[in-house]
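Biologist: Before I plan anything around these chains, could you take me through what the coordinates show, one question at a time?

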Amino acid sequence: MSRRKKMIEGLDQDIREHLERETQDNIDRGISPAEARFAALRKFGNVTQAKESAREVWSLLWLDQLLQDTRFGLRMLWRTPELTFAAVLAIALGIGANVGIFSVLNGIALRLLPVLGAEQIVSVSQIFHDHLTRNTHNETSMFSYSEYLEYRRQSRVFSGLLAYEPFVDATLGGDTVQQVLGTVASCNYFEVLGEHPAQGRGFLATDCAALGGNTVVVISDDLWRGRFAADPLLIGKRIILNRIAYTVVGIAHGGFRGTEPIPSSFWIPLSMQKVIEPGQNRLADDNMSWLALLGRVKPGITLDQVRAGLAVIASRIDRLHPGRQTSLTVHVATFLVRPEERAALIPVSSVLLVAFGLILLLACANVANLLLARSTVRHREIALRQAIGAGRGRLLRQLLTESFLLSLMGGALGSVLALSSFPTLMRFAMAQLPHPFPAVSVNILPDVRVLVYSLMLTLATGIVFGLVPALQSSRPDVNTALKEGGLILISATRGGKCCAIL
Amino acid sequence: MLILGTLILGPMHGHAITKAIEFNSDDVLQVEQGSLYPALHRLIKRRWISVQEGTSENNRRAKFYSLTAKGRRQLEIETSKWGKLTGAIARILRPAESESKS
């Protein structure tokens, strides 16, 4: 308990005990009990006043003033509803747009993967510093199958290292033919991620043994519901992908769509790569970048240790190939993992954030204008307050409190609007994309980062539009304001001098 | 200052402080006992005295106030300021005395 609270709580009892002692003393002196109590109270003086004065010692002046300012500010805003409404709306739109775009960027690039222990999952990419030729499918920063096996065999920092090829195009046969995108994944994919399918199972060791002979597939919840109408008996049945039949062994959880921004509809073992992509034998190609790597770090190992450990393996591989020189990029896995994609992210997001920021700035300028216009009307009130001694600092604080109230209301409204409407807007925008373009799935639900961003923006907004009008209004210019306002100030001088002290 | 000066004799509870001030001043200074508590709280806030639970002479619990090191220093400062003030006043009045004598 704080010192303040402790002192105030003990006070009543202390005074009561004091009075009891005084009463007892009086009784000892021979006064009757009834009279003794009266005498004690008389000697003490005003009990309530004593308690008040003692409590006042501990009062937090700044808190009282803040509450006073807030109450006054609310009253002022209530009295000018048009101004309040216009200002709050402008701020809400400005902040809402920014919070919305930030939540989109957050969902794409900053959020961790939606799996258990996502802080331990890191993505590994390689950057080539030589000029040797390299076959690439998707991104150059990916790995070949033999490289993956090397890293998996030699590394001590991971409890599991998985590899997958994303964006695998397949035709889902049946009554209606449908194009789907899926993933070709290593056997330990579901195990390392900790994302065991909701129904059925993931991959077993036996599934990944024979090249081309393990026709098993795990499908996504979306595909199960969309294409197979949530058939409860789907497990064990066969589906046709690129003219080959696969047995459905598992259905993933509803919230899991793979680890890429574009959702994956199915997962098949790595050994089936040549089958699903006829004419492309990637597993045998030692010089092809096609596999993305994700590893789960062992508990207690830092990211730097991971980087150091993997760098050793990278240099070992480099030495086996004359002229080859690679370095690794390792960081906690988000939906945007590869260096090429991340490099594109920074300019795009800067442009977006600046553009939306300008919208907010425009809103602030508008509100500042509104406040400045209103400040001429309040000239008299402020001048009067200065006349009775309100310091400039106090006035500034009070005016800024009003601004913060406005920005907080606008910020709250804007954030709520953004977070409730952006999903719909996103879906609409996605629907407008040309048909073969797969829908991107981004989780834009608010998390801590978005809320902190919204709060910071709100505070900054309050200062930006509130400071100038507040400084303007609180300028010390008492006489002119009062005269213009129609009041005549008569200053009275007291006749006579003050009393002598001794 | 009076409270600090009283507490230099040792820790006391509130009631005892008022009694001590009256006693030591030969009843010249009558404390309005109610003003003691705000004063005590002011001194506590400035950390010139500290407070502790204890038992009084007749085995009842009470809060005992005692001087802190800071409080001791403050008492010295205030005592010397008071001394300077009374000394100055005395010097001013003394010529008046010698005037009236002669």
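**Strands, helices and links**

Biologist: Which residues point one way from strand 9 (residues 266-269) of chain A, which point the other way, and are they buried or exposed?

Modeller: Please keep in mind that this is a predicted model. From strand 9 of chain A, A:F266 and A:I268 point one way, while A:W267 and A:P269 point the other way. As for A:F266, A:I268, A:W267 and A:P269, all are buried.

Biologist: In which sense does strand 4 (residues 178-185) of chain A pair with strand 9 of chain A, and which residue stands opposite A:P269?

Modeller: Strands of a sheet pair through backbone hydrogen bonds, either parallel or antiparallel. Strand 4 and strand 9 of chain A are joined over three bridges, and the sense is parallel. The residue that stands opposite A:P269 of strand 9 of chain A is A:A185.

Biologist: How does strand 6 (residues 216-219) of chain A run relative to strand 9 of chain A, and which residue stands opposite A:F266?

Modeller: Strand 6 and strand 9 of chain A are joined by two bridges, and they run antiparallel. Opposite A:F266 in strand 9 of chain A stands A:I219.

Biologist: At what angle do helix 13 (residues 392-431) and helix 14 (residues 448-473) of chain A cross, and what is the handedness of the crossing?

Modeller: Two packed helices are described by the angle between their axes and the distance between the axes. For helix 13 and helix 14 of chain A, the axes come within 7 Å, and the angle is roughly 145 degrees. The residues of this contact between helix 13 and helix 14 of chain A comprise 14 nonpolar, 10 polar and one charged. The crossing of helix 13 and helix 14 of chain A is right-handed.

Biologist: Which parts of chain A does the salt bridge of A:D12 and A:K51 tie together, and how far apart are they in sequence?

Modeller: The closest N and O atoms of A:D12 and A:K51 are 3.5 Å apart, and the pair forms a salt bridge. Because A:D12 lies in helix 1 (residues 3-28) of chain A and A:K51 in helix 3 (residues 47-57) of chain A, the pair ties together parts that are 39 residues apart in sequence.

Biologist: Which helices of chain A hold A:E402 and A:R374, and are the two residues buried or exposed?

Modeller: The side chains of A:E402 and A:R374 meet in a salt bridge, with 3.0 Å from N to O. A:E402 lies in helix 13 of chain A and A:R374 in helix 11 (residues 339-377) of chain A, so the pair ties together parts that are 28 residues apart in sequence. A:E402, at 3% relative accessibility, counts as buried, and A:R374, at 12%, also counts as buried.

Biologist: Which residues do salt bridges that share partners join into one network?

Modeller: A:R324 and A:D318 meet through their side chains in a salt bridge of 3.0 Å, N to O. A:R324 is buried at a relative accessible area of 11%, and A:D318 counts as buried at 10%. The network joined by salt bridges with shared partners consists of A:R134, A:E147, A:D318 and A:R324.

Biologist: Which cysteines form a disulfide, and which parts does the pair tie together?

Modeller: A disulfide is a covalent bond between the sulfur atoms of two cysteines. The count over all chains comes to one disulfide, in which the sulfur atoms of A:C187 and A:C208 are 1.5 Å apart. A:C187 lies in the loop between strand 4 and helix 7 (189-193) of chain A and A:C208 in the loop between strand 5 (199-200) and strand 6 of chain A, so the pair ties together parts that are 21 residues apart in sequence.

Biologist: Which strands of chain B stand at the edges of the open sheet?

Modeller: The open sheet of three strands in chain B has antiparallel pairing and the order 1-3-2. Each edge strand has a single partner strand, so one side of each is left without a neighbour in the sheet, and these are strand 1 (12-13) and strand 2 (49-55) of chain B.

Definitions and conventions
Residues numbered from 1 in each chain as written. Chains lettered and ligands numbered in written order. Predicted model: local features only at pLDDT ≥ 70, side-chain atom pairs only at ≥ 80, totals over all residues. Heavy atoms only, no water. Axes fitted to C-alpha atoms, helices over the stretch in contact; angles between N-to-C directions. Helix = DSSP H or I, 4+ residues; strand = E, 2+ residues; numbered from the N terminus. Left-handed = near helix turned anticlockwise from the far one by under 90°. Nonpolar A, V, L, I, M, F, W, Y, C, P; charged D, E, K, R; others polar. Buried < 20%, exposed > 50% of the residue type's maximum accessible area, 1.4 Å probe, protein only. Pairing = 2+ DSSP bridges. Salt bridge = Lys/Arg side-chain N within 4 Å of Asp/Glu carboxyl O. Disulfide = S-S within 2.5 Å.
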